[in-house]
Amino acid sequence: MTKEKFQSIDKLYHYTSFESALKIIESQTLLFNPLKRMNDINELYRPLFSKEDYTDKEWEKMKEIVYSHQQISLSKDKGVKMGFDIPAMWGHYADKGLGVCLVFSKEELLNTLPKEHVKGNVRYLDINKFDPDIVVSPTIERTKRFSKKEYRDYFFKKTKDWSYEQEFRILMRSDSCERVKLCFQDALIGVIAHRADDVKENEKYWNSVYCSILKKHCDNIYIYESWGKERHLVEEGGDCVWLSYDPSSFSLALD
């Protein structure tokens with residue numbers, strides 16, 4: 001893929017371990033995560049309040065509706081900060097850099113979503129402006145859905161402590177206790193690797209056994225290596241599609 005084409009595509013990114021990446025690529029599916037598995041304690045422990053008096057049975061039903069939501073978190077490009085160039089994400093979610101970052105075409109990925117799924121950018125607020133409370137109402141009980149504003153207020157706001165994630169979120173509700181799968185079809189356009197533990201620090205990822213395994217799974221999917229202090233993003237053969245210090249690399253990055 002040329003540098004110009006790589007930059008022109010609006011992209012979303014998913015950091016994961018090498019083993020999980022192979023499963024995702026092979027199955028062409030991403031798994032939604034229940035809200036109870038969130039890393040952010042402000043999201044994990046959401047106080048629930050009501051505008052009405054409910055019986056214990058009704059209250060349990062309301063809590064069931066709230067916690068039946070599942071989500072997929074991805075990173076996006078934001079200004080000059082590309083979504084695949086976040087060291088903390090490589091460390092936290094991609095096995096300390098031994099995993100990979102999957103690159104999706106945002107347009108193609110969102111086209112696979114059922115219309116009832118809610119998606120959008122996460123907003124990051126100062127801690128004194130963040131309200132963790134969820135207020136449930138009879139409307140929610142009848143429809144089993146929040147309004148668009150309620151979704152934004154409850155599930156698309158976090159404190160600024162998490163702003164480095166540059167999160168784009170996909171949210172859905174399911175009555176199933178199982179994690180829901182999203183079949184992304186042809187939306188996966190690239191795999192970015194940072195390093196492998198079977199090559200020396202100054203050697204290229206292409207010499208790694210991990211790369212040879214990836215190639216067997218990545219039919220028609222570009223593989224890139226992110227390396228060096230300048231964090232070049234290159235294809236095998238040395239063609240560069242991104243340089244962290246090159247202003248022209250940011251010309252089409254989107255907020």
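A salt bridge joins the side chains of Asp-153 and Lys-157, with an N to O distance of 3.0 Å. Asp-153 is partly exposed, at a relative accessible area of 22%. Lys-157 counts as buried, because its relative accessibility of 18% falls under the 20% limit. These values come from a predicted model.

Confidence was examined next. The chain has a mean pLDDT of 85. Of its residues, 93% reach 70 or more. Residues 249-255 form a stretch with pLDDT below 50. In the model, this stretch still has 22 contacts beyond near neighbours in sequence.

The structure contains eleven salt bridges. Side chains of opposite charge can pair when their charged atoms come close. One of the eleven links Asp-126 to Lys-160, at 3.2 Å from N to O. Asp-126 sits in the loop between strand E8 (123-125) and strand E9 (134-136). Lys-160 sits in the loop between strand E10 (157-159) and strand E11 (167-173). The pair therefore ties together parts that are 34 residues apart in sequence. Asp-126 is partly exposed, at 31% relative accessibility. Lys-160 is also partly exposed, at 46%.

Glu-167 and Arg-169 form a further salt bridge, whose closest N and O atoms are 2.8 Å apart. Arg-169 is buried, with 1% relative accessibility. Glu-167 is buried as well, at 2%. This pair belongs to a network in which salt bridges with shared partners join Lys-158, Glu-165, Glu-167 and Arg-169.

Open space was then considered. Rolling a probe the size of a water molecule over the atoms shows where empty space is left. The largest pocket holds about 780 Å³ of space. Its lining comprises 32 residues. Those closest to the pocket centre are His-14, Tyr-15, Asn-33, Tyr-93 and Arg-179.

Several elements contribute to this lining. Strand E1 (11-16), helix H2 (18-27), strand E2 (29-31), strand E5 (69-76), helix H5 (87-93) and strand E11 each supply at least two residues. E5 gives the most, with five residues. By class, the lining of the largest pocket has eleven nonpolar, eleven polar and ten charged residues.

Terms used: Residues are numbered from 1 along each chain as its sequence is written. This is a predicted model: local features need pLDDT of at least 70, side-chain atom pairs count only at pLDDT 80 or more; totals for chains, interfaces and linings use all residues. Side-chain values use heavy atoms; hydrogens and water are left out. pLDDT is the predictor's confidence in each residue, from 0 to 100. Contact means heavy atoms within 4.5 Å. A salt bridge is a side-chain nitrogen of Lys or Arg within 4 Å of a carboxyl oxygen of Asp or Glu. Helices (H or I, at least four residues) and strands (E, at least two) are DSSP runs, numbered from the N terminus. Buried means under 20% relative accessible area, exposed over 50%, partly exposed in between (1.4 Å probe, protein chains only). On a 1 Å grid over the protein atoms alone, a cavity is a set of points where a 1.4 Å probe fits but cannot get out, and a pocket is an open set with protein on both sides within 12 Å along at least five of seven lines; lining residues have an atom within 4 Å of a point. Grid points are joined across faces, edges and corners, and a volume is the space filled by probe spheres set on the points. Ala, Val, Leu, Ile, Met, Phe, Trp, Tyr, Cys and Pro count as nonpolar, Asp, Glu, Lys and Arg as charged, and the others, Gly among them, as polar.
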